[in-house]
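Keep the structure in view while reading.

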Amino acid sequence: MTPDLKCIRRCVKKGSKYGLWSGDKAYELEPQTKVMQFAAKNVKVTGAMSGETIRVAAIETVEMHADRKP
C-alpha cells in the first residue's frame, strides 16, 4: 500500500497523529513537529519507545529496494 500524502494531512487536521507503520504495527511518533515533513515517505527512525509511542531522536528518509515488500 502506498501512503497518500493528501489523505494523511487531512487525517492529521482532523485529530490523527503522525506515526510509523512497520509490518502490521503502527507507532505514534513524538514530537509531531519533528516528523510532519516526512509524511508518506519511507523513513528510518531512531529514538526511545514507551508503549506504542516513539520519542524521535533522529529521522531520515530511506530508499525502498524493489525486492523488499513495504
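Two residues are in contact when heavy atoms of one lie within 4.5 Å of heavy atoms of the other. The model is predicted.

Four strands make up an open sheet with the order 1-2-4-3 and mixed pairing. Its edge strands are strand 1 (19-22) and strand 3, each of which pairs on one side only. From one strand to the next, the twist averages 45°.

Strand 1 and strand 2 are antiparallel, paired over 4 bridges. Within this part of the sheet, Leu20 is placed opposite Tyr27 of strand 2. Strand 3 (residues 43-50) and strand 4 (residues 53-61) are also antiparallel, paired over 8 bridges. Here Lys44 faces Glu60 in strand 4.

## Salt bridges

Side chains of opposite charge can pair when their charged atoms come close. The structure has 3 salt bridges. One of them joins the side chains of Glu28 and Lys17, at 3.7 Å from N to O. This pair links distant parts of the chain, with Glu28 in strand 2 and Lys17 in the loop between helix 1 (5-13) and strand 1, 11 residues apart. Glu28 is partly exposed, at 29% relative accessible area, and Lys17 is partly exposed at 48%. Lys17 also meets Glu30 in a salt bridge, at 3.4 Å from N to O. Because Lys17 lies in the loop between helix 1 and strand 1 and Glu30 in strand 2, the pair ties together parts that are 13 residues apart in sequence.

Another salt bridge is formed by the side chains of Lys25 and Glu52, at 3.0 Å from N to O. Through shared partners, salt bridges join Lys17, Glu28 and Glu30 into one network.

Glu30 is in strand 2 (residues 25-30). Is Glu30 buried or exposed? Its relative accessible area is 14%, and buried means under 20%, so Glu30 counts as buried. Leaving aside neighbours within four places in sequence, Glu30 contacts Lys17, Thr53, Ile54, Arg55 and Val56. Among these, Lys17 is its salt-bridge partner.

Val35 is part of helix 2 (residues 32-35). With a relative accessibility of 3%, Val35 is buried. Apart from neighbours within four places in sequence, Val35 is in contact with Tyr18, Leu29, Val56 and Ile59. The C-alpha atoms of Val35 and Val45 are 9.7 Å apart, and these residues are separated by 10 residues along the chain.

Met49 is located in strand 3. Its relative accessibility is 53%, and exposed means over 50%, so Met49 counts as exposed. Not counting residues up to four places away in sequence, Met49 touches Tyr27 and Ile54. Between the C-alpha atoms of Met49 and Glu28 there are 9.6 Å, while along the chain the two are 21 residues apart.

Note on methods: Residues numbered from 1 in each chain as written. Predicted model: local features only at pLDDT ≥ 70, side-chain atom pairs only at ≥ 80, totals over all residues. Heavy atoms only, no water. Helix = DSSP H or I, 4+ residues; strand = E, 2+ residues; numbered from the N terminus. Buried < 20%, exposed > 50% of the residue type's maximum accessible area, 1.4 Å probe, protein only. Pairing = 2+ DSSP bridges. Axes fitted to C-alpha atoms, helices over the stretch in contact; angles between N-to-C directions. Salt bridge = Lys/Arg side-chain N within 4 Å of Asp/Glu carboxyl O.
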